[in-house]
Amino acid sequence: MEIVSENKVFGGRHIRYRHRSEVTDCEMTFAVFLPPFASKETPVPVLYWLSGLTCTDENFMQKAGAMALAAELGLAIVAPDTSPRGDDVPDDDNSDYDFGLGAGFYVDATESPWKKHYQMFSYTTEELPALIESELPVTKERAISGHSMGGHGALVIGLRQPTRFVSVSAFSPIANPMDCPWGKKAFAAYLGKDESKWQQYDASWLISQKQHSIPMLIEQGTNDQFLHEQLKPERLLAAAQKSNTPITLSMHEGYDHSYFFITTFIRNHLEFHASHLGLV
């Protein structure tokens, strides 16, 4: 791990790292916030944050206002990039923001040319946590959260790997990507045209199939410009009711898709995860 930059903040440290990933076959960058007393003698649990389309590791760390409370709670935050990057990593020919670089959708691609690098599910759930836990003063206790495309990723990961993550939350998640323009475009390219292969990356489908016990918190603004065409939280709620899976879905009047929304309610999410990580 190579340090790209380091800043002191709220008594803790914000560090950006670069490393060579075997899973994505390229260099990856991620950011970490370590609270003030994190050390080998007093390791701390981790909240993984997955960002949305066009974002990098920097968006959440700089805009969400999460580090003050994380410092008080004794909670580390890890923010990976949203896709593999580099000169050899394929991108969308049309340079569309919703596909290719910056839009990995947290899937393990099976189709060429994407499958060589776009292995974001395995990177996020296996390689990155293993690296973090071997090199930094953190425990194996993990929670996961995200926004938009990252909210989709967090929900899918939490539902599929409830023994690796104790809780999951999301802001404005793409709740039913199999049936929205963003998801259909990405899944068809990354996973192929067989829609049965898409199901394992669709939170609404996963919830509808069986009852899940992982605690889930979801926030959604009513003025979100992507609400009806892309996000469809009502599909997630219907799926949860079908399988009798408890989830908390809070609709907030007047809020949009931006980091103004995330900043307003990030405290709820940090406290939610802290309670399940045994910090409060």
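Leaving aside its neighbours within four places in sequence, with which residues is Ser169 in contact?

## Basis of the model

This is a predicted model, in which local features need pLDDT of at least 70 and side-chain atom pairs count only at pLDDT 80 or more, while totals for chains, interfaces and linings use all residues. Residues are numbered from 1 along each chain as its sequence is written, and side-chain values use heavy atoms, with hydrogens and water left out.

## Surroundings of Ser169

Ser169 lies in strand β7, residues 168-171 (helices, H or I of at least four residues, and strands, E of at least two, are DSSP runs numbered from the N terminus). With neighbours within four places in sequence set aside, Ser169 is in contact with Ile144, Ser145, Gly146, Ala154, Leu217, His269, Phe272 and His273, where contact means heavy atoms within 4.5 Å.

The side chain of Ser169 also makes a polar contact of 2.7 Å with the side chain of Ser145 (a pair of N or O atoms within 3.5 Å; within protein, one must be able to donate a hydrogen and the other to accept it, and residues adjacent in sequence count only if both atoms are side-chain atoms). Ser169 counts as buried at 0% relative accessibility (buried is under 20% relative accessible area, exposed over 50%, partly exposed in between, with a 1.4 Å probe and protein chains only).

## Backbone features in loops

In the loop between β5 (76-80) and α3 (120-135), which holds Pro113, the peptide bond from Ser112 to Pro113 is cis, with omega near 0°. Tyr106 also has its place in the loop between β5 and α3; its phi is near 55°, a positive value in a residue other than glycine, and Tyr106 is buried, with a relative accessible area of 1%.

Asp25, in the loop between β2 (12-21) and β3 (26-34), likewise is a residue other than glycine with a positive phi, near 55°, and Asp25 is partly exposed at a relative accessible area of 28%.
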